[in-house]
Amino acid sequence: MIACTDFIPAYSELFKYLHSRGGKDEVERFWNDLSDRFLGNLKQLVEEHGILGCWLYWSHTLNEEAADFTMQLDEDAGVFRIEMHRCPSMSRLMETKHMEPYPDYCRHCDVLYRRVLEPLGYTCSVDLSECRQARCSLTVIRSEGSPH
Amino acid sequence: MRRTAADNPYLHQDFHGALSVGLEYLERRFGPESVREYLWGFAKRFYAPLRADVLARGLAPLREYLERMYAAENGRISLTCSEDELVLRVDECPAVAHMRRHGLPVAPLFHETARTVNEAICEGTPFCAELLEYDHQTGRSVQVFRRRTK
């Protein structure tokens, strides 16, 4: 067993391995596959609860990941936002001094969540401009006419 | 909601499911050997400090690592260790149990996270690793590390 606390370096190395087999396209193909096969719970929560589903999903995951974050939800305005003050994944990779993170590691969040949320009638934007300092933000906005 | 890292323990067992999806993807796209190749490379790099410790101190650091890992995930194990042999009996793998409990797919080659990873940790040390038993349904296993015979 690989400890779940060692998962982030294992994932970074998986991205590197995929890149070595098929370049960036192969990594993105995997991210799409992972989104389709692994984020059913996020999809289900948003389908059932609307934008509150985002709050419910990330309340669970970010607390278990011991993240340092601020999360805000305005249901009336249809806006959900996470400000990640210190991403537990990137900080873990930065602390693992004997390994280099996959250079595009952080972008998997953008690909995975956008792929779930946009078909449900939301825009999803991720600001990765400070991701090498383990800081980022994610904003989800309900689109006009979203059924959820 | 405002949380700091100190507010929660770091233990997100859903990650086992994400790794399992990754192993399935590799097998589907590139065949079973790619799963072993990836895990071997990861383990060689990530566990390099542990391997160095095994070289310096024998099986003790491996025992400490395994005890810590399974304790953190509430795994039911028994472990015996001498200077020449470490036997780890896992009654139920916490990763497999978590995935089964939450209906997450368990990759057909998930056992390679024990076999290949253990073998990679041992490479270049006086010890070798063997996965003697493995039950795919529960992850129950017997894993042995023993001193190589010349």
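**Entry 1. Chain A, overall**

I counted the elements of chain A and found 5 helices and 4 strands. The model I am reading is a predicted one. Reading from the N terminus, I noted the element order of chain A as α-α-α-β-β-α-α-β-β. I then looked up the radius of gyration of chain A, which is 16 Å. The globule rule gives 15 Å for 148 residues, so I recorded chain A as being as compact as a globular protein of that length. Along the principal axes, the C-alpha atoms of chain A occupy a box of roughly 45 × 30 × 30 Å.

I also took the burial figure: 42% of the 148 residues in chain A are buried. For contacts in chain A between residues at least 6 apart in sequence, I noted that 53% link residues at least 24 apart.

**Entry 2. The nonpolar core**

I looked for the largest nonpolar core and found that it holds 87 residues. A:Phe7, A:Cys54, A:Leu117, A:Val140 and B:Ala43 have the most contacts inside it. Helix H1 of chain A, residues 7-38, supplies the largest share of this core, with 10 residues. As general background, I recall that nonpolar side chains tend to be buried together in soluble globular proteins.

I followed up A:Leu117. Beyond its neighbours within four places in sequence, A:Leu117 contacts A:Val46, A:Tyr122, A:Cys124 and A:Val140. I note that A:Val140 is also listed among the core residues with the most contacts.

**Entry 3. A:Leu73**

I placed A:Leu73 in strand S1 of chain A, which spans residues 68-74.

Setting aside residues up to four places away in sequence, I found A:Leu73 touching A:Ile51, A:Leu52, A:Trp55 and A:Phe80. I also checked A:Leu73 against A:Cys54: the two are 19 residues apart in sequence, and their C-alpha atoms are 8.7 Å apart in space.

**Entry 4. The contact between the chains**

I looked up which residues make the contact and found 36 from chain B and 34 from chain A. On the side of chain B that touches chain A, the elements giving two or more residues are strand S1 (2-3), helix H1 (14-30), helix H2 (32-46), helix H3 (48-57), helix H4 (60-72), helix H5 (94-101) and helix H6 (112-122) of chain B. H1(B) gives the most to this side, with 9 residues. By class, I recorded 23 nonpolar, 9 polar and 4 charged residues on the side of chain B that touches chain A.

**Entry 5. The sheet of chain B**

I traced an open sheet of 4 strands in chain B, in the order S2-S3-S5-S4 and with antiparallel pairing. S2 and strand S4 (127-134) of chain B each have a single partner strand and stand at the edges, so one side of each lacks a neighbour in the sheet. On average, neighbouring strands of this sheet are turned by 10° against each other, direction ignored.

I then went through the pairs:

- Strand S2 of chain B (residues 76-81) and S3(B) run antiparallel and are joined by 6 bridges; B:Cys81 stands opposite B:Leu86 in S3(B). A hairpin of 3 residues connects S2(B) to S3(B).
- S3(B) pairs with strand S5 of chain B (residues 141-147) in the antiparallel sense over 6 bridges. Here B:Arg89 stands opposite B:Val142 in S5(B).
- S4(B) and S5(B) pair in the antiparallel sense over 7 bridges. The bridge partner of B:Cys128 is B:Arg146 in S5(B).

I next asked which helix packs on the sheet. H4(B) does, touching S2, S3 and S5 of chain B, and its direction makes about 170° with that of S2(B). H6(B) lies across S4 and S5 of chain B and runs at about 170° to S4(B).

**Entry 6. Helix H5 of chain B**

I checked how many residues of H5(B) are buried. The count is 6 of the 8, so H5(B) is largely enclosed by the rest of the structure. I listed the buried residues as B:Pro94, B:Ala95, B:Val96, B:Ala97, B:His98 and B:Met99. Their cover includes H1, H4 and strand S3 (85-92) of chain B. After H5(B) I found B:Gly103, which has a positive phi near 65°.

Methods
Residues numbered from 1 in each chain as written. Chains lettered and ligands numbered in written order. Predicted model: local features only at pLDDT ≥ 70, side-chain atom pairs only at ≥ 80, totals over all residues. Core = buried A, V, L, I, M, F, W, Y, C linked by C-beta atoms within 7 Å. Buried ≥ 20, exposed ≤ 12 C-beta atoms within 10 Å, placed from the backbone. Contact = placed C-beta atoms within 7 Å. Nonpolar A, V, L, I, M, F, W, Y, C, P; charged D, E, K, R; others polar. Rg over C-alpha atoms; globule rule 2.2 N^0.38 Å. Pairing = 2+ DSSP bridges. Axes fitted to C-alpha atoms, helices over the stretch in contact; angles between N-to-C directions.
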